[in-house]
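Thanks for coming, everyone. Let me put the structure up, and then I'll walk through a few places in it.

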Amino acid sequence: MKPIKLATALATALLLSLPMSAFAQEAEEEESPFSATFTATSDYVFRGVSQTDNKPAFQVGATYSAPFGLYAGAWASNVDFGAGGPDIEVDYFVGWNKDLNDSWNIDLGVNRYTYERASSDYGDIDYNEYLAKVTWSGPVTVGGILAYADDYGNTGAEQIYAGVSASYDIGDSGFSVGASTGYTAIDAGSDGRADYYDGSITVSKSFGKATATLGYYDTFGSDASELRSASDIYKPGLVFTIGIEVP
């Protein structure tokens with residue numbers, strides 16, 4: 001992409017090559033609007049709760065991001081909700097992401113959670129969730145999330161999730177540490193569901209486009225002890241995850 005002519009044509013060729021070089025450099029620096037992620041994890045944990053009955057998961061996602069902040073995509077993972085339950089979760093999402101300045105970012109979106117390959121008598125548990133996120137980037141990156149589902153699990157129950165997270169990059173080492181906590185509140189009447197807190201501590205290492213993460217996840221407080229007594233999916237554990245993002 002950088003042609004060079006010799007002898008008497010040197011000056012002319014050099015002038016002609018400059019726009020091409022600049023164009024090539026701009027094309028290389030310009031980010032693709034499409035991205036994809038491929039992930040393998042020892043346990044798919046969502047807000048402190050295993051979605052695979054404490055077994056491994058393989059996940060893939062794709063996102064299109066427009067220059068003005070609009071984005072849309074889909075994400076899929078295997079799940080295990082017990083006998084007759086679905087085997088696959090497919091999420092569809094659309095939202096708007098905007099940098100307010102060099103430090104603050106806002107993200108508003110809608111997720112559609114769908115579950116496939118369940119038995120006919122298991123029932124439809126698909127639902128929508130509306131999310132608002134805010135992130136501050138400084139020496140430490142701090143984020144907050146508020147999510148609302150008006151028909152959680154297609155049960156008529158309302159769910160609210162509120163959480164905060166923080167992460168810190170350790171110089172140029174590629175290592176980062178993070179922590180998060182959140183609270184799930186489900187208004188399900190006599191349906192038997194309960195509210196709980198979740199928390200995590202993670203250590204990550206990036207290798208180019210790949211990132212490996214070791215995390216400790218737990219549920220606690222409120223009715224967590226009763227939930228943990230009833231099912232192992234609420235119990236604490238270590239999870240190892242490796243993910244690749246392209247391009």
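I'll take the strands, then a loop, then a surface patch. Keep in mind that this is a predicted model.

Strands to begin with. Strand β1 covers residues 34-41, and strand β4 covers residues 57-65. They pair in the antiparallel sense, over eight bridges. On β4, threonine 63 stands opposite serine 35. Now look at the pairing of β4 with strand β5, residues 70-78. That pairing is antiparallel too, with seven bridges. Here threonine 63 stands opposite glycine 73 in β5. β4 and β5 form a hairpin with four residues between the strands. In that hairpin, glycine 69 takes a positive phi near 105 degrees.

Next, the loop between β7 (104-116) and β8 (127-137), where we find aspartate 121. Is aspartate 121 buried or exposed? Exposed, because its relative accessible area is 67%, and the cut-off is over 50%. Its side chain makes a polar contact with the side chain of serine 119, at 2.7 Å. Glycine 84 is 37 residues away along the chain, yet the C-alpha atoms of aspartate 121 and glycine 84 are separated by 7.8 Å.

Last, the surface. Which residues form the nonpolar patch? Val140, Val142, Tyr168, Ile170, Phe175, Val177 and Val203. Together they have about 520 Å² of accessible area. Phenylalanine 175 lies in strand β11, residues 175-187. Phenylalanine 175 counts as partly exposed because its relative accessible area is 37%. In a regular strand, side chains alternate between the two faces of the sheet.

Definitions and conventions: Residues numbered from 1 in each chain as written. Predicted model: local features only at pLDDT ≥ 70, side-chain atom pairs only at ≥ 80, totals over all residues. Heavy atoms only, no water. Patch = residues over 30% accessible without salt bridge, like charges linked within 9 Å, V, L, I, M, F, W, Y side chains within 5 Å. Areas by Shrake-Rupley, 256 points an atom, 1.4 Å probe, with all protein chains shown as cover. Salt bridge = Lys/Arg side-chain N within 4 Å of Asp/Glu carboxyl O. Helix = DSSP H or I, 4+ residues; strand = E, 2+ residues; numbered from the N terminus. Buried < 20%, exposed > 50% of the residue type's maximum accessible area, 1.4 Å probe, protein only. Pairing = 2+ DSSP bridges. Polar contact = N/O pair within 3.5 Å; in protein donor to acceptor, adjacent residues only side chain to side chain.
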